[in-house]
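Dear colleague,

I am handing over the structure below, together with notes on what turned up in it. Please read the notes with the coordinates open beside them.

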Amino acid sequence: MLQSLSQLRGPSPDSLRYVHVSLILGSPEIKKVDVEKGKKVFIQKCSQCHTVEKDGKHKTGPNLWGFFGHRIGQAAGFSYSDANKNKGVVWSENTLKEYLENPKKYIAGTKMIFAGLQKQNERADLIAYLKKKATS
């Protein structure tokens, strides 16, 4: 028996803000990640160089719309370093998790000057935001 109309309609938009860290970071700990916190991380640390909107313009870094599931260094119209073009890895939650921790270590020779996100929860929140924003 339904206890409320929300059960009939399905999950509320607010309940979709959170995903488990274990799904994104492969961690055995179950913590919630927050898409809204990920948006704040993106605005503070990524938006100077990147956009995420469909048909968004490249800045210093490429537009990130639709990058999940595609090879690193392949956004049309952006001039990548040879290191990025030749990496041969497909963007996924796992590759992004490793990359965001230390971009220069993950892709030696990248032009990206970002030092990385050391806090696991910040990376998880950002990945959740990018997964939602860059694919919807």
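D55 is placed in the loop between α3 and α4 (82-86), where helices (H or I, at least four residues) and strands (E, at least two) are DSSP runs numbered from the N terminus. Although D55 is not a glycine, its phi is positive, at about 60 degrees. Most residues other than glycine have a negative phi. With a relative accessible area of 72%, D55 is exposed; here buried means under 20% relative accessible area, exposed over 50%, and partly exposed in between, with a 1.4 Å probe and protein chains only.

Please keep in mind that this is a predicted model, in which local features need pLDDT of at least 70 and side-chain atom pairs count only at pLDDT 80 or more, while totals for chains, interfaces and linings use all residues. Residues are numbered from 1 along each chain as its sequence is written, and side-chain values use heavy atoms, with hydrogens and water left out.

G69 is also found in the loop between α3 and α4, and at 54% relative accessibility G69 counts as exposed. Not counting residues up to four places away in sequence, G69 touches V90 and W91, contact meaning heavy atoms within 4.5 Å. G69 and E93 are 24 residues apart in sequence, and their C-alpha atoms are 9.5 Å apart in space.

T95, in helix α5 (residues 93-101), counts as buried at 12% relative accessibility. A polar atom of the T95 side chain lies 3.1 Å from the backbone oxygen of V90; a polar contact is a pair of N or O atoms within 3.5 Å, where within protein one must be able to donate a hydrogen and the other to accept it, and residues adjacent in sequence count only if both atoms are side-chain atoms. Leaving aside neighbours within four places in sequence, T95 is in contact with V89, V90 and Y106.

Turning to the aromatic rings, the structure holds six aromatic pairs, defined for rings of Phe, Tyr and Trp (its six-membered ring) whose centres lie within 6.5 Å, with planes under 30 degrees apart counted as stacked, over 60 as edge-to-face and the rest as tilted. One of them is the tilted pair of F42 and Y129, at 5.7 Å centre to centre and 40 degrees between the planes. Because F42 lies in helix α3 (residues 35-45) and Y129 in helix α7 (residues 120-133), this pair ties together parts that are 87 residues apart in sequence. Both F42 and Y129 are buried. F67 and F68 form another tilted pair, at 4.6 Å centre to centre and 35 degrees between the planes; F67 is buried at 10% relative accessible area, and F68 is buried at 11%.

Ring pairs link F67, F68, W91, Y99 and Y106 into a cluster. K87 lies over the face of Y106, 4.4 Å from the ring centre, and the charged end of K131 sits over the ring of F68, 4.8 Å from its centre; the criterion is NZ of Lys or CZ of Arg within 6 Å of the ring centre and within 35 degrees of the ring normal.

Finally, the axes of α3 and α7 come within 7 Å and cross at roughly 95 degrees, axes being lines fitted to C-alpha atoms, for helices over the stretch in contact, with angles running from 0 to 180 degrees between N-to-C directions. The two helices, α3 and α7, are therefore roughly perpendicular to each other (under 35 degrees counts as roughly parallel, over 145 as roughly antiparallel, 65 to 115 as roughly perpendicular and the rest as oblique). Among the residues making this contact are V35, F42 and K45 of α3 and E122, Y129 and K132 of α7.
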